[in-house]
Amino acid sequence: MKKYMKIFLLLWCLGASLSLIAASQTEDEISFFNAATRAYNEANYKLAIDYYEKILEDGYHSASLYYNMGNAYYKQNKIGQSIYYFEKALLLEPTDTEVLKNLGFAQKMTIDAIPTKEENGLGRTYEQFISQYSLHFWSLLAIGAMLLGVFSYLFYYIARDPKQKRVGFSLSLLLLIVSVLSYTNGFFLEESHSEDNPAIIFETAKVLSEPNNLGIQAFELHEGTKVQVLESFESWMKVEISDGQRGWLKEKQLKLLKD
Amino acid sequence: MSLITKSYMSLFIALASVWALRGYTPVQEAVSFKMILSKSAMGINERIRVDFVMNKDGDNFNPPSFQGFRVVMGPSQATSFSWVNGVKSFSKTFSYTIAPLEKGAFTIGQATIDIDGNSYKTIPEKVTVTDAVKKPSEDMTAEDVANESLHLVAEVSNQNPYLNEMVTVVYKLYVGPDISVTNFRALDNPTYNNFWNQDIAVTKYTFESGSYEGKASQYVVLKRVVLYPQKSGELSIEPLVLDVTAEVPTNRRDFFGGRLFAQTNKTVTAGKRTIQVKALPESGKPESFSGAVGSFDLFVTSSKDILNANESLQAIVTVTGSGNLKLFTLPELKLPAALEVYEPEFNEAVTTNQSGMKGKISNNYTIIPAFKGKYPIPEISFSYFDPNLEKYISLQSKPIIINVIEGPLQTNEKTKEENSEKASVNKQALTVSQQAFGFIKTNTSLVKKTQKPFFSSLLFYVLWLLPLLLIPLVVFLIKKQREKQGDLVGLLSKRAQRLAAKFLSEAKQARGNKEDFYVALEKGLQLYLKGKLQIETADFNKENITLVFEARKVNQDSIQSFILLLEHCEAARYGPFTAVEIAADYQDAIKTISELDSQL
């Protein structure tokens, strides 16, 4: 009996560690990364970026990688690129404080200051709450709570003392609810992530009312501003800025964060 | 007029002398009476002389009506006699000078005269009056001379400029060689509608030699104007009108033979000029074009590039060069929203001379950064049209980075709130780590880009839901193991309860009474054995039971406790048994029966 449990736990842990580390990274990529760190420290930002690009070309990425690229571009005063990579890092690690801080530095270089449209209501509060933590956090919480919940249920099942039984049962119920809620949070968070299609403006762009050159200029956006892409038509994209204004601009004037 | 009288006077003197020498000739000739016109075609500004000539003196001369003409002078008479080789000739002439009243074809009618009692008539003649012609020099008055030798000319440097391309207009007064200008006064100053204009003051009037219509002539520059057309199409420059006082030489001479001069006033005007202004080409017009035409340079400078927060710096956008500097707007500086920027101060240092506007204009922005960080002054573009090259030229400034090294940090409002919260708790904590731009991360765990987020991976679902399977699995395993090991405690308790309910219910009820209890207990035990082993009540003694049990390989402990129970039952009838002992025996009975039951 105990033997089975041990085997089960061992297998489970193996799976979990596989998922967390999943580090199929090769020696090459790590050496590139370290070389880039050295280059950055010697203020050779272009070289550092070349190394990072190589890693990306090989098909690997990480939040740290994007964060470092954002830093290197910031040091070269390339606002658009810098903000683009910080935002990419945040897509993977939405709560990384270092990324948020350096993104704040980069955002100060932008020309546009667009007020954020205030959205109130329960839905908004919930969204804010769930986006405080990353998807990874929610998934780990779901798994952890589920595991503990199951153990407390088994404890309830085995225990003879009614007091112990009561504690075990309520604990298991609580943990199972937490697990299901975490999963739901994660689900909605992923939903909201997959719904929006953010992009960063790379050059000064006139935002027009129509997807052609005859359109009346609605407003102008400058490098580094984050927009949401709503739809696209030929070489034009319809974007929305954070205060809710919408318009069309040329595809080449922005770069999508999700590819 | 004086000329004519003069010549007649000399003629008269000559005739008189001839008459005195030759005297009268009696030879008769045929009478002739003719009209002679000095010319038959004339300009309206001209005059003609009409002579009526006869070769015999007559009476009652009757001139024609000269319709369409005005008699300027006349009639004047001239008579002449001459003897040539004994032949006497006579002629008498009536002269009129007439000027036409209007243009057209006119007929000068017949004149009549009576000679020797006969009436003679002249033949009518036609005269054509045409447009004014240049006056024959012999008729020139001082005004005419002034007219001919004073000319005001507006010289336009470019008849066909681009919009906003500079045009200069120079007003020159040409003065003929033999008259002199003593004074002039502008009657009407030109207006320059649809032009930006600036007068270049002429401080000294000096005569320079030049030529007017091929004739050598002196000129003086009266006025210089620089114009920048502000509208395309045909634009007109209203004329300049001057009143000039000039001295004109006359034919008269003074006692010493020097010419006498007549003074005259003359109004001269430079004709109305039109300029055809070309619009700037639409093709290739850059977006940043704001109307500058000429040749320019763009500079963007900042007074500092490293400073502390709340210090001020100046960013200056300058355009230098030549062209319509005062007529276009400078490109605007677009600065990060995080900077505090004041309205720019406009400066211009532009001089306008004959070659146009030259100099520089600048916008001076005062900037005060409030927070630490790097701020770009982005590049700005400025474009102008070069009329010489006939194309647009775009200039772009270089971006400047301002580095604010000391000062409070504010990334966005969220962190500000966080900071203030933290600050109230622990001020030390955020001094260093929060203020600087973070260094890169030195470690990473790279993953395949294609790897889906863990949340939506299969592994997540497996890890999440697998523990649920653990519940039925463990329950099943526990059950199985219990059955295998024959869980004593569990199984016995269940069986014991069943047996007790069957055989010991009477004893249980009688627990209060010692004797009843033991009787019931003994009876229950007997019933059990009877049911289980088919032992008759007659054979119910200790030895017998032991034998039967041993035959069935019941273990010794169980046999012992069963025997002990039976002994208790017997002993209890005679001896004192407490309630505690009764309870213990009851429990023992349940235990023993269930032990036996599992072995039988």
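The model is predicted.

**Stop 1: two helices of chain B.** Select helix H7, residues 514–533, and helix H10, residues 579–599, both in chain B. Their axes come within 11 Å and cross at roughly 5°. H7(B) and H10(B) are therefore roughly parallel to each other. Now show side chains. From H7(B), pick B:Lys514, B:Phe517, B:Leu521 and B:Tyr528. They meet B:Ile582, B:Asp585, B:Ala589 and B:Ile593 of H10(B). Coloured by class, this contact has six nonpolar residues, two charged and no polar ones.

**Stop 2: a sheet in chain B.** Select strands E22, E30 and E27 of chain B, which form an open, mixed sheet in that order. E22 (306–308) and E27 (373–377) each have a single partner strand, so one side of each lacks a neighbour in the sheet. Neighbouring strands here are turned by 30° against each other on average, direction ignored. Zoom in on E27(B) and E30(B), residues 400–406: they run antiparallel, joined by five bridges. B:Tyr375 has B:Ile402 in E30(B) as its bridge partner.

**Stop 3: where chain B touches chain A.** Here 47 residues of chain B are in contact with 55 of chain A. On the chain B side, E27, strand E31 (447–448) and helix H4 (458–485) each give two or more residues. H4(B) gives the most, with 15 residues. By class, this side has 30 nonpolar, 12 polar and five charged residues.

**Stop 4: pairing across the chains.** Select strand E1 of chain A, residues 60–61, with E31(B); two bridges pair them in the antiparallel sense. In E31(B), B:Lys448 is the bridge partner of A:Tyr60.

Note on methods: Residues are numbered from 1 along each chain as its sequence is written. Chains are lettered from A and ligands numbered from 1 in the order in which they are written. This is a predicted model: local features need pLDDT of at least 70, side-chain atom pairs count only at pLDDT 80 or more; totals for chains, interfaces and linings use all residues. Two strands pair if DSSP finds at least two bridges between them. Helices (H or I, at least four residues) and strands (E, at least two) are DSSP runs, numbered from the N terminus. Axes are lines fitted to C-alpha atoms, for helices over the stretch in contact, and angles run from 0 to 180 degrees between N-to-C directions. Angles under 35 degrees count as roughly parallel, over 145 as roughly antiparallel, 65 to 115 as roughly perpendicular and the rest as oblique. Two residues are in contact if their C-beta atoms, placed from the backbone, lie within 7 Å. Ala, Val, Leu, Ile, Met, Phe, Trp, Tyr, Cys and Pro count as nonpolar, Asp, Glu, Lys and Arg as charged, and the others, Gly among them, as polar.
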